[in-house]
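Student: I would like to learn to read this model feature by feature. Where do we start?

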Amino acid sequence: MKDQLIASFTAVYGRAPEIITRAPGRIEFIGNHTDYNGGTVLGAAVDRGVWVAVAANAEPRRRFHSAYSGETVELPVGEPKAQEGKASWTNYPQGVLAALPAFGLKAPQGFDYLAMSDLPAGAGLSSSAAIELASALAFLGLTGETADRETVVKIGKHAENHFVGVPCGILDQGVSGFGRADHLVFIDCRGPRFETVPMPTGTHFWIFNTHTKHALVDGMYAARNKACVDAAKTLGVSLLVEADADALEAGRAKLSDESYRRAKHVIEEIARVESTVEALAAGDLKAVGSLLTASHRSSQYLFENSTEELDLLVDTLTATPGVYGARLTGGGFGGAVMALTDGGFNDETAAKVAAAYRAKYGASPDVLHMRAGDGAAVL
Ligand code: GLA
């Protein structure tokens with residue numbers, strides 16, 4: 001990929017890049033919609049991601065080339081302005097440029113930029129966090145300024161919250177930044193505090209990407225976020241992480257049935273993350289798998305961020321030998337299902353799951369066998 005990136009950059013801009021960076025996508029292992037509620041979450045950086053190559057130019061221009069579309073967007077230096085339509089992908093690196101001053105860092109002036117990816121977009125694997133972190137490291141390389149890993153993560157989140165306009169928590173950027181091969185990333189989102197936890201040997205991640213996405217997915221994510229914040233307020237806490245199951249029951253009469261179910265999902269999901277950490281430490285993969293599937297059922301019935309397609313995959317996977325557990329991964333309302341499996345689950349088994357899906361929906365999900373990989377880095 002690196003050679004291909006250098007070759008493409010040279011073909012587009014007529015010279016070699018100065019800096020090359022890469023940031024991975026992520027799997028949400030467990031901890032659904034817990035991050036912006038101040039809870040805990042476990043994720044894994046995957047062995048696919050976004051590569052960025054940059055070189056300064058002496059012009060008052062920033063050129064952004066996407067190897068995916070083959071198109072270049074040229075923008076003036078100065079205040080980043082959000083783009084629409086085909087150029088809207090530049091809002092991720094532009095959001096990073098806009099975020100840098102908020103962290104006391106300079107934004108580079110004129111440069112030529114090229115992004116390349118082997119991460120499917122729209123699969124719920126957070127290609128947006130990957131491009132944000134790869135861009136942040138590339139821009140820091142251009143200005144020669146330094147920032148620690150946590151700051152790079154926060155720059156990416158700031159870009160997403162304030163420029164792209166999605167009120168996400170720190171999961172995606174945190175995992176992309178702190179990923180480690182064959183490890184899960186544990187985040188206590190209140191600190192935030194980041195740790196890595198070894199993946200049990202002999203386990204595998206399989207992703208089934210449905211290619212379905214609710215048309216209003218961003219609005220629905222924001223609505224869930226608001227419902228949680230409102231429920232916390234009604235329960236008299238600043239974030240749902242501060243309320244436990246007893247507090248929820250004590251305040252139930254004050255909540256609508258819908259708010260109660262949203263809050264119950266988050267509060268129980270935070271408890272499931274803790275139980276998962278314990279089960280991983282004890283090497284109890286059966287328990288880990290049950291927690292993963294319980295998380296999905298909670299999404300399905302309480303948080304209502306699953307879809308019929310995702311449910312079918314989870315039902316099929318959990319009835320398949322070799323699967324410890326399966327759940328939707330990420331924000332929901334479409335996207336992908338993740339399964340944790342043993343080594344006996346293979347391409348043939350995965351094809352049977354895909355065939356069951358095709359029989360019902362007429363199209364095959366993308367099947368990706370992934371490993372937990374390293375976090376964002378300058379190459
Ligand atoms: C998306 C967001 C994350 C997180 C998940 C749900 O991936 O970007 O911050 O809220 O949804 O857990």
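Tutor: Start with one side chain, that of N57. A polar atom of the N57 side chain lies 3.0 Å from the backbone nitrogen of E59. A polar contact is a pair of N or O atoms within 3.5 Å; within protein, one must be able to donate a hydrogen and the other to accept it, and residues adjacent in sequence count only if both atoms are side-chain atoms.

Student: What should I know about the model itself?

Tutor: It is predicted: local features need pLDDT of at least 70, side-chain atom pairs count only at pLDDT 80 or more, and totals for chains, interfaces and linings use all residues. Residues are numbered from 1 along each chain as its sequence is written, and side-chain values use heavy atoms, with hydrogens and water left out.

Student: Where does N57 lie, and is N57 buried or exposed?

Tutor: Helices (H or I, at least four residues) and strands (E, at least two) are DSSP runs, numbered from the N terminus. N57 sits in the loop between β2 (40–56) and β3 (61–66). For burial, the cut-offs are under 20% relative accessible area for buried, over 50% for exposed, and partly exposed in between (1.4 Å probe, protein chains only). N57 has 13%, so N57 counts as buried.

Student: Now a serine. Which side chain does the side chain of S256 contact?

Tutor: That of S259, in a polar contact of 2.9 Å. S256 belongs to the loop between α7 (245–250) and α8 (257–281). Its relative accessible area is 39%, so S256 is partly exposed.

Student: How do I compare distance in sequence with distance in space?

Tutor: Take C-alpha to C-alpha distances for pairs of residues. S256 and E160 are 96 residues apart in sequence and 30 Å apart in space. A294 and K264 are 30 residues apart in sequence and 13 Å apart in space. V378 and A23 are 355 residues apart along the chain, with their C-alpha atoms separated by 8.8 Å.

Student: Where do A294 and V378 lie, and how accessible is each?

Tutor: A294 is in helix α9 (residues 285–303). At 31% relative accessibility, A294 is partly exposed. V378 is in strand β12 (residues 377–378). At 51%, V378 counts as exposed.

Student: Which residues other than glycine have a positive phi?

Tutor: S126 is one of them, with phi near 65 degrees. F333 is another, with phi near 60 degrees. S126 lies in the loop between β5 (111–117) and α3. F333 is placed in the loop between β9 (323–329) and β10 (334–341). S126 is buried, at 10% relative accessible area. F333 is buried too, at 3%.

Student: How do I read the nonpolar core?

Tutor: In soluble globular proteins, nonpolar side chains tend to be buried together. A nonpolar core is a set of buried Ala, Val, Leu, Ile, Met, Phe, Trp, Tyr and Cys residues joined through side-chain atoms within 4.5 Å. Here the largest core has 70 residues. F29, L42, Y113, F139, L184 and F205 have the most contacts inside it. Helix α3 (residues 127–143) gives the most to this core, with 10 residues. The core draws at least three residues from each of domain 1 (2–198) and domain 2 (204–370). Domain bounds come from an automatic or database domain assignment. A second, separate core has 19 residues, including Y36, C228, L248 and F303.

Student: And the ligand: which residues come nearest?

Tutor: A residue is near a molecule if one of its heavy atoms lies within 4 Å of it. There are 13 residues around the ligand, and E28, H33, D35, D172 and Y221 come nearest.

Student: Why does the ligand lie between the domains?

Tutor: Domain 1 and domain 2 both give residues to the shell around the ligand, so the ligand lies between them.

Student: Which protein atoms lie by the ligand's oxygen atoms?

Tutor: An N or O atom in the D172 side chain is 2.6 Å from a ligand oxygen atom. A polar side-chain atom of Y221 lies 2.6 Å from an oxygen atom of the ligand. For G169, a backbone N or O atom lies 3.0 Å from a ligand oxygen atom. Taken alone the ligand exposes 310 Å², and the protein buries 92% of that. Accessible areas come from the Shrake-Rupley method with a 1.4 Å probe; for residues, only the protein chains shown count as cover.
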